[in-house]
Amino acid sequence: MFDVIALKSIMAEKRLSIRQLSEKAGVNYVALTRILNARTVPTIPTIGKLAAALEVSPRQLFKE
């Protein structure tokens, strides 16, 4: 299951704002905001883009 808390934690660690991550990952700002507010679940391709932009494994964005 996708872990919003992990995403927020990695963003804070990397000091990236929502806007910065949106631009770096090529993910729509509104879509990213909805993901961060747990209003929608990201698709696998979106998770891949976010992970690449954050320079982490996609597995780090999932609960164990």
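Which residues of H1 are buried? The analysis rests on a predicted model, in which local features need pLDDT of at least 70 and side-chain atom pairs count only at pLDDT 80 or more, while totals for chains, interfaces and linings use all residues. Residues are numbered from 1 along each chain as its sequence is written, and side-chain values use heavy atoms, with hydrogens and water left out.

Helices (H or I, at least four residues) are DSSP runs numbered from the N terminus, as strands (E, at least two) would be. Burial denotes under 20% relative accessible area and exposure over 50%, with partly exposed in between (1.4 Å probe, protein chains only). In H1, the buried residues are Val4, Ala6, Leu7, Ile10 and Met11. They cover an arc of only 160 degrees around the axis, which puts them on the same side of H1; the arc is that of the directions from the helix axis to the C-beta atoms. Ile5, Ala12 and Glu13 are exposed on the face of H1 turned away from its buried side. The buried residues of H1 pack against H2, H3 and H4, contact being defined as heavy atoms within 4.5 Å. At the N-terminal end, H1 is capped by Asp3, a side-chain oxygen of which lies 3.1 Å from the backbone nitrogen of Ile5. Just after H1, Arg15 adopts a positive phi of about 55 degrees.

The axes of H1 and H3 come within 9 Å and cross at roughly 120 degrees. Here axes are lines fitted to C-alpha atoms, for helices over the stretch in contact, and angles run from 0 to 180 degrees between N-to-C directions. H1 and H3 are therefore oblique to each other, given that angles under 35 degrees count as roughly parallel, over 145 as roughly antiparallel, 65 to 115 as roughly perpendicular and the rest as oblique. Val4, Leu7, Lys8 and Met11 of H1 make this contact with Leu32, Ile35 and Leu36 of H3.

Helix H2 (residues 18–25) buries Leu21, Ser22 and Ala25. Viewed down the axis of H2, these residues fall within an arc of 105 degrees, so they line one face of the helix. Their cover includes helix H1 (4–13), helix H3 (29–36) and helix H4 (44–54).

In H4, the buried residues are Thr46, Ile47, Leu50, Ala51, Ala53 and Leu54. Seen down the axis of H4, they fall within an arc of 165 degrees, so they line one face of the helix, whereas Ile44, Pro45 and Ala52 are exposed on the other side. The buried residues of H4 pack against H1, H2 and H3. Thr46 is buried with a relative accessible area of 18% and touches Val27 and Ile35, not counting residues up to four places away in sequence. H4 is followed by Glu55, with a positive phi near 60 degrees.

A nonpolar core is a set of buried Ala, Val, Leu, Ile, Met, Phe, Trp, Tyr and Cys residues joined through side-chain atoms within 4.5 Å. Of the 19 residues in the largest such core, Phe2, Leu7, Leu21, Leu32, Leu50, Leu54 and Leu61 touch the most other members. H1, H2, H3 and H4 each supply at least two residues of this core, and H4 gives the most, with 5 residues. Leaving aside neighbours within four places in sequence, Leu50 contacts Leu7, Leu21, Ala25, Val27, Leu32 and Leu61.

Notes. Polar contact = N/O pair within 3.5 Å; in protein donor to acceptor, adjacent residues only side chain to side chain.
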